[in-house]
Amino acid sequence: MQVTGINADRRWSASMPAAYEQYLVPVVFRPFAEDLSARAAALRPGRVLELAAGTGVLTSTLLSAAPWAEVTATDLNEAMVAFGSARVPGAVWRQADAQRLPFPDQSFDLVVCQFGVMFFPDRIGAFTEVRRVLAPGGRFLFSTWGPLRTHTFEAALQAGLERAFPVDPPRFFAAVPHGYSDPAVVAADLGAAGFAVEDEQELTLQGRASSTADLATGYLTGTPLRMAVEERGGGPAVRATVIEEMTVRLGPGPVTAPMTAYVFRAATVRT
């Protein structure tokens with residue numbers, strides 16, 4: 001079973017955002033959100049559109065870093081929009097497909113997206129939509145994960161899944177979150193959509209988790225991996241195996257480990 005693109009995003013059930021927020025956001029996503037929001041604020045945008053906002057970790061840091069900006073946060077998944085709008089009410093929240101944005105041309109000064117572009121089935125189409133809604137002089141600022149091996153937590157998770165499922169282990173993380181990890185491919189897609197890369201940086205930050213068991217719980221219950229495990233008949237024994245393998249590799253916790261991403265800033269090409 002493969003979970004990719006928009007279909008993967010739609011499989012986020014109503015119970016998953018809470019687990020995602022509790023176990024994964026503070027460890028995996030907040031360090032990068034703080035960095036990305038500082039980059040966004042330095043551009044001094046007035047109107048900001050966020051794509052794939054999830055539970056709102058970047059949304060909240062954006063509002064703090066750029067309190068003058070009007071922030072519109074969107075996500076494809078209604079469960080995420082409901083959770084995020086309650087958690088970060090300072091933004092305007094809308095359910096939206098990045099490939100068919102419900103906004104007029106030239107509506108925003110900045111479009112941001114943290115670890116969401118990997119989920120777009122038609123990335124060039126989505127980037128073209130971003131270009132359409134950007135005002136002249138606007139920027140597109142986003143991040144993607146590096147290869148799976150450069151994310152210590154998720155490499156350990158994958159090892160645990162391969163131990164739990166020696167035949168046909170779930171490969172969601174390798175295929176989707178870490179499946180858009182070649183900067184040359186990203187730059188080519190941006191070029192095809194009418195963008196020029198102004199800046200590209202490899203960024204490695206430290207994640208700090210209170211326990212390996214909490215990390216495993218977050219990944220197994222708060223991401224689309226949950227369905228992949230359930231479809232293979234996984235249960236408590238799988239969770240125990242994954243925790244055991246991750247503990248062998250990371251320790252029981254507290255644990256600190258590096259995570260690598262790429263950050264892109266793109267501008268529209270004048271025609």
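Visitor: At what angle do helix 6 and helix 11 pack?
Guide: Let's start with these two, bearing in mind that the model is predicted. Helix 6 covers residues 152–164 and helix 11 covers residues 236–250. Their axes lie 8 Å apart, and the packing angle is about 135°.

Visitor: Okay, what do we call helices that sit like that, and why?
Guide: Angles over 145 degrees count as roughly antiparallel, and 65 to 115 as roughly perpendicular. The angle for helix 6 and helix 11 is about 135°. The two helices are therefore oblique to each other.

Visitor: Is their crossing left-handed or right-handed? And how many charged residues does the contact have?
Guide: The crossing of helix 6 and helix 11 is right-handed. Helix 6 brings residues including F153, L157 and R163 to the contact, while helix 11 brings V242, E244 and R249, among others. Sorted by class, the contact of helix 6 with helix 11 has ten nonpolar residues, three polar ones, and a charged count of four.

Visitor: Over to helix 2 and helix 3: how far apart are their axes?
Guide: Here we're looking at residues 16–42 for helix 2 and 57–65 for helix 3. They pack at an angle of about 35°, and helix 2 passes helix 3 in a right-handed crossing. The distance between their axes is 8 Å.

Visitor: Which class supplies ten residues to the contact of helix 2 with helix 3?
Guide: Helix 2 contributes residues including V25, F29 and L36, and helix 3 contributes V57, L58 and L62, among others. The class tally for this contact has three polar and two charged residues. The ten are nonpolar.

Visitor: Last one! Is E129 buried or exposed?
Guide: You'll find E129 in helix 5, residues 123–133. Leaving out residues up to four places away in sequence, E129 touches A98, Q99, R100 and L101. The cut-off for buried is under 20% relative accessible area. E129 has 14% relative accessibility, so E129 counts as buried.

Definitions and conventions. Residues are numbered from 1 along each chain as its sequence is written. This is a predicted model: local features need pLDDT of at least 70, side-chain atom pairs count only at pLDDT 80 or more; totals for chains, interfaces and linings use all residues. Side-chain values use heavy atoms; hydrogens and water are left out. Axes are lines fitted to C-alpha atoms, for helices over the stretch in contact, and angles run from 0 to 180 degrees between N-to-C directions. Helices (H or I, at least four residues) and strands (E, at least two) are DSSP runs, numbered from the N terminus. A crossing is left-handed if the near helix is turned anticlockwise from the far one by less than a right angle, and right-handed if clockwise. Contact means heavy atoms within 4.5 Å. Ala, Val, Leu, Ile, Met, Phe, Trp, Tyr, Cys and Pro count as nonpolar, Asp, Glu, Lys and Arg as charged, and the others, Gly among them, as polar. Angles under 35 degrees count as roughly parallel, over 145 as roughly antiparallel, 65 to 115 as roughly perpendicular and the rest as oblique. Buried means under 20% relative accessible area, exposed over 50%, partly exposed in between (1.4 Å probe, protein chains only).
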